Amino acid sequence: MNPRVKKVKTNSDFSLHLTFENGEEKMFDCRPYLDIGVFQELKDLNYFSKAFVQCGTVVWPHEQDFCPDTLYLDSKKIKSV
C-alpha cells in the first residue's frame, strides 16, 4: 500500500503540494483532469483552493476526490526523507 496524504496545499497553477505520511513531498498536477465530469468544478480557482485532507486523500466540499494511490504514483517528487 502506498503512503497516504497527510497535508495538502493548493497552488494557483492547479497543482497540489502534497505531504505524505512517510514524509515525502510531491507535486500533483490536476490540470489533465479539469475537463472531466465532476472535476470541471475545480476550474474555479477559488473552489480549487478549498481542498482538504480526509481519510488519507484530497477532497473538496462537493465530494470530488482523487484516489490516494493516484496522488502518490502520478505526482512528482519534491523532497524525500
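Strands β1 and β2 form a hairpin, with four residues between them. F14 sits in the turn and has a positive phi of about 65°. Helices (H or I, at least four residues) and strands (E, at least two) are DSSP runs, numbered from the N terminus.

This is a predicted model: local features need pLDDT of at least 70, side-chain atom pairs count only at pLDDT 80 or more, and totals for chains, interfaces and linings use all residues. Residues are numbered from 1 along each chain as its sequence is written, and side-chain values use heavy atoms, with hydrogens and water left out.

**The hairpin**

- β1 covers residues 5–10 and β2 covers residues 15–20.
- The two strands run antiparallel and are joined by five bridges. Two strands pair if DSSP finds at least two bridges between them.
- V8 has L18 in β2 as its bridge partner.

**The nonpolar core**

- The largest nonpolar core holds 19 residues. Such a core is a set of buried Ala, Val, Leu, Ile, Met, Phe, Trp, Tyr and Cys residues joined through side-chain atoms within 4.5 Å.
- L16, L18, V58, W60 and L71 have the most contacts inside this core.
- Two or more residues each come from β1, β2, α1 (45–48) and α2 (68–73).
- β2 gives the most, with three residues.
- In soluble globular proteins, nonpolar side chains tend to be buried together.
- Leaving aside neighbours within four places in sequence, L18 is in contact (heavy atoms within 4.5 Å) with V5, K7, V8, E24, E25, K26, F28, V58 and L71.

**F66, a buried loop residue**

- F66 lies in the loop between β5 and α2.
- F66 counts as buried because its relative accessibility is 4%. Buried means under 20% relative accessible area, exposed over 50%, and partly exposed in between (1.4 Å probe, protein chains only).
- Not counting residues up to four places away in sequence, F66 touches F28, C30, Y33, F39, T57, V58, W60 and L71.
- F66 and C30 are 36 residues apart along the chain, and their C-alpha atoms are separated by 9.6 Å.

- Most residues other than glycine have a negative phi.
- C55 is not a glycine, yet has a positive phi of about 55°.
- C55 lies in the loop between β4 (52–54) and β5 (57–59). C55 counts as exposed because its relative accessibility is 76%.
- E63 is not a glycine either, and has a positive phi of about 75°.
- E63 lies in the loop between β5 and α2. E63 is exposed, with a relative accessible area of 69%.
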